[in-house]
Amino acid sequence: MIRAGIRVVRIGEFAWSRLEPEPGQFDWAWLDTAIKTLADAGLKLVLCTPTATPPRWMLDRWPDMLARDENGHVRRFGSRRHYCFSHEGYRGECARIAGELARRYGRHPAIIAFQIDNEYGCHDTTLSWSDAARDGFRQWLAGKYGTIAALNRRWGNVFWSMEYQAFDQIELPHLTVTQLNPAHVLDFNRFSSDQVIAFNRLQCDALRPHTDCPLLHNYMGRITSFDHFALGRDLDIATWDSYPLGFLDDRSGRPQDFRDRFLRQGDPDFQAFHHDLYRSVGRGRMWVMEQQPGPVNWAPHNPAPAPGMVRLWTLEAIAHGAEIVSYFRWRQLPFGQEQMHAGLKRPDNSPASVLAEIASLADELRDLPRDDAPDARIALVLDYPSAWGWQALPNRTGATPENATDGFDYFSLVYDFYCALRQMGQTIDIISPECTDLSAYCCVIAPALMHVPESFAHALAGVRGPVLVGPRAAFRTADMRIPDGLPPSVPWLDCRITHVESLPANTPVPLEGAGSFQYWFEHVHTRMPVQVRTREGAVALTGHNDRYYLAGWPDAPALRGILTRLLSPLPLTIENMPEGLRSLDTHHFRYLFNYAATQQTWNGRTFPPASVTRMPRHPARSSSRSGQGDTHS
Ligand code: GAL
């Protein structure tokens with residue numbers, strides 16, 4: 001490890017059955033040896049609480065701790081993440097093991113951080129339909145509403161005679177004959193998110209008294225089932241697990257021909273999106289805890305990264321603010337579920353070819369200034385409750401076999417904006433609507449923010465530059481009702497949505513100029529100037545004085561047109577980046593990353609495949625030698 005330039009190792013994330021082979025009987029000897037071996041070699045450690053893998057004996061203690069899926073089936077022992085966040089008994093066990101670990105190792109000089117659990121929400125584990133979740137939900141509702149009459153009123157339960165007489169009559173929102181009440185569903189999402197936060201907080205409380213190390217968690221790609229911003233406030237660093245090839249095939253939502261073109265490189269925007277998101281979740285502190293180094297085992301197809309891509313992904317993460325990039329995993333395992341998952345070493349302990357790529361990268365990193373960070377002037381808002389709201393009230397009944405791959409969800413819409421901005425060469429911060437200091441930004445974009453908190457509406461009003469909201473902006477109250485006087489209920493917008501349409505993917509609404517709306521279209525009555533119309537003359541974009549409302553889901557050409565209109569008066573350079581070439585401005589450098597499988601030429605420069613080009617933004621201040629930029633293939 002030392003020879004390969006590795007400085008930090010994460011250990012123990014699933015080790016409960018060895019830490020506590022029998023209830024209350026601990027075996028620390030092996031971990032003491034492991035920590036000493038690594039520390040003596042000069043490595044620093046991240047030690048994990050093992051709570052994502054409760055050992056088998058735990059089920060004998062707490063037979064009802066397993067989660068249930070939406071059909072009520074128990075999610076059994078035999079893999080991992082087999083617990084329900086709401087189970088009080090299991091929560092106690094987690095606090096107990098976290099406390100034991102912290103008491104023993106919390107002040108160990110080689111340990112630099114504690115990771116809590118592993119990948120909350122992964123394998124669809126945030127929501128549980130267990131008895132523990134149902135009881136917890138009832139209590140949570142009683143706490144929120146106080147009286148059942150208030151709940152009935154705010155949920156609108158007079159509709160379809162859904163009124164309750166007591167909190168303990170309320171079931172979890174599943175297995176009904178037809179549509180569920182969206183207010184019921186949204187509250188279940190909020191409750192489930194709160195349970196993840198409470199579960200995590202218990203472990204923070206157990207760890208903090210015994211250690212001064214930062215606490216962190218390794219989040220995942222494209223998980224919206226709990227509020228990462230809210231959870232992140234209890235931690236010191238946000239880390240995430242970056243699997244570019246697995247994510248491209250498994251969750252990027254990109255069409256097949258795109259996935260084929262980027263098979264061995266990954267989606268050129270997906271990693272950057274999550275670096276920017278988690279930098280914000282970690283309030284400026286972000287790491288990549290698991291970086292894919294070779295083929296994984298869990299996506300529909302598992303190709304190997306093209307030569308140079310592991311280096312590119314690593315440098316891209318660092319340019320976006322990652323303080324540490326750690327690879328998963330050190331050695332490929334010859335047994336268990338992940339025996340097809342590559343590591344830096346093969347199962348026979350010989351080095352995989354990627355180890356040499358990483359070893360030479362360690363030398364390159366020494367030259368990078370430590371005080372650098374992305375320099376974003378544009379903020380894009382991501383709001384987890386909006387993702388739940390969009391799901392709870394989609395205004396369509398879901399994917400049919402023909403449109404199963406169309407991305408009708410909130411994340412996809414926000415991601416479309418992100419990709420369009422990056423295609424225009426912009427550097428972006430992703431922020432939550434809890435953020436009220438927007439003074440760093442000359443443009444703020446908040447697509448589909450279903451409920452706009454008053455404080456955020458106020459903050460948006462103060463932005464000096466264009467603000468774009470819609471579609472579905474301030475579309476529902478926090479109780480999932482239509483606001484009085486029709487949406488959007490934003491004081492600085494003088495328009496009203498009269499009705500909405502969801503549309504099949506093959507029936508877009510063409511706009512004047514370029515592009516169309518797809519999937520979603522709102523009919524708007526406005527007293528503000530109309531900036532863009534549909535070809536039939538309806539309002540597509542309305543607004544004045546830098547405040548705009550967008551009435552649909554724009555395809556890529558429409559998005560470019562709308563964003564160009566917004567950004568062109570600003571002191572930003574609007575580019576037209578070729579597919580696969582992406583840029584990032586940090587305080588010191590402009591970076592260019594070539595994700596394309598072939599060499600690209602752009603603005604008179606050539607970019608070999610898998611290359612990273614770094615150019616000083618302020619040559620006088622930079623230590624770089626050439627001033628023309630360095631390209632490395
Ligand atoms: C992550 C997880 C690791 C390992 C890896 C495989 O989601 O945290 O434990 O399973 O995926 O790619």
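Guide: Strands of a sheet pair through backbone hydrogen bonds, in either the parallel or the antiparallel sense. In this predicted model, strand E5 pairs with strand E6 (residues 286-291) in the parallel sense, over 5 bridges. Within that pairing, Trp240 has Val288 of E6 as its bridge partner.

Visitor: How many bridges join strand E4 to E5?

Guide: Strand E4 (residues 215-219) is joined to E5 by 4 bridges, and the two run parallel. Here His217 has Ala238 of E5 as its bridge partner.

Visitor: What is the order of the strands in the open sheet?

Guide: The open sheet has 7 strands in the order E1-E2-E3-E4-E5-E6-E7, and the pairing is parallel. Strand E1 (8-11) and strand E7 (322-327) are the edge strands, each pairing on one side only. Neighbouring strands of this sheet are turned against each other by 25° on average, with direction ignored. One of the paired residues is Arg10, whose bridge partner in E2 is Val46.

Visitor: Let us return to E5 and its side chains. Which residues point one way from E5, and which the other way?

Guide: Ile237, Thr239 and Asp241 point one way, while Ala238, Trp240 and Ser242 point the other way. Residues on both sides are buried. Strand E5 (residues 237-242) is accordingly described as mostly covered, with 6 of its 6 residues buried.

Visitor: Which helix lies across E6 and E7?

Guide: Helix H12 (residues 309-319) lies across E6 and E7, and runs at about 155° to E7.

Visitor: Which residues of H5 are buried, and against what do the buried residues pack?

Guide: The buried residues of H5 are Ala132, Ala133, Gly136, Phe137, Arg138, Trp140, Leu141 and Tyr145. They pack against helix H6 (148-155) and helix H7 (182-207).

Visitor: Now to a helix crossing. At roughly what angle do the axes of H15 and H17 cross?

Guide: The axes of helix H15 (residues 410-423) and helix H17 (residues 556-567) cross at roughly 65° and come within 10 Å. The crossing of H15 past H17 is right-handed. On the H15 side, the contact involves Asp416, Phe417, Ala420, Leu421 and Gln423; these meet Leu559, Arg560, Leu563 and Leu567 in H17. By class, the residues of this contact divide into 6 nonpolar, 1 polar and 2 charged.

Visitor: Let us turn to the backbone. Which peptide bonds and phi values deserve a second look?

Guide: Most peptide bonds are trans, and most residues other than glycine have a negative phi. The peptide bond from Phe328 to Arg329 is cis, with omega near 10°, and Arg329 lies in the loop between E7 and helix H13 (354-365). The peptide bond from Gly470 to Pro471 is also cis, with omega near -10°. Pro471 is found in the loop between strand E11 (467-469) and strand E12 (495-502).

Visitor: What is the phi of Asp117, and is Asp117 buried or exposed?

Guide: Phi of Asp117 is near 55°, a positive value in a residue other than glycine. Asp117 lies in the loop between strand E3 (111-115) and H5. Asp117 counts as buried because its relative accessibility is 0%, and the cut-off for buried is under 20%.

Visitor: Where is Trp160 found, and why is Trp160 exposed?

Guide: Trp160 is found in the loop between H6 and H7. Trp160 has a positive phi of about 55° although it is not a glycine. Trp160 is exposed because its relative accessible area is 52%, where exposed means over 50%.

Visitor: Is Ala356 buried or exposed, and what separates the C-alpha atoms of Ala356 and Ala556?

Guide: Ala356 has its place in helix H13, and counts as exposed because its relative accessibility is 56%. The C-alpha atoms of Ala356 and Ala556 are separated by 39 Å, and these residues are 200 residues apart along the chain.

Terms used. Residues are numbered from 1 along each chain as its sequence is written. This is a predicted model: local features need pLDDT of at least 70, side-chain atom pairs count only at pLDDT 80 or more; totals for chains, interfaces and linings use all residues. Side-chain values use heavy atoms; hydrogens and water are left out. Buried means under 20% relative accessible area, exposed over 50%, partly exposed in between (1.4 Å probe, protein chains only). Two strands pair if DSSP finds at least two bridges between them. Axes are lines fitted to C-alpha atoms, for helices over the stretch in contact, and angles run from 0 to 180 degrees between N-to-C directions. A crossing is left-handed if the near helix is turned anticlockwise from the far one by less than a right angle, and right-handed if clockwise. Contact means heavy atoms within 4.5 Å. Ala, Val, Leu, Ile, Met, Phe, Trp, Tyr, Cys and Pro count as nonpolar, Asp, Glu, Lys and Arg as charged, and the others, Gly among them, as polar.
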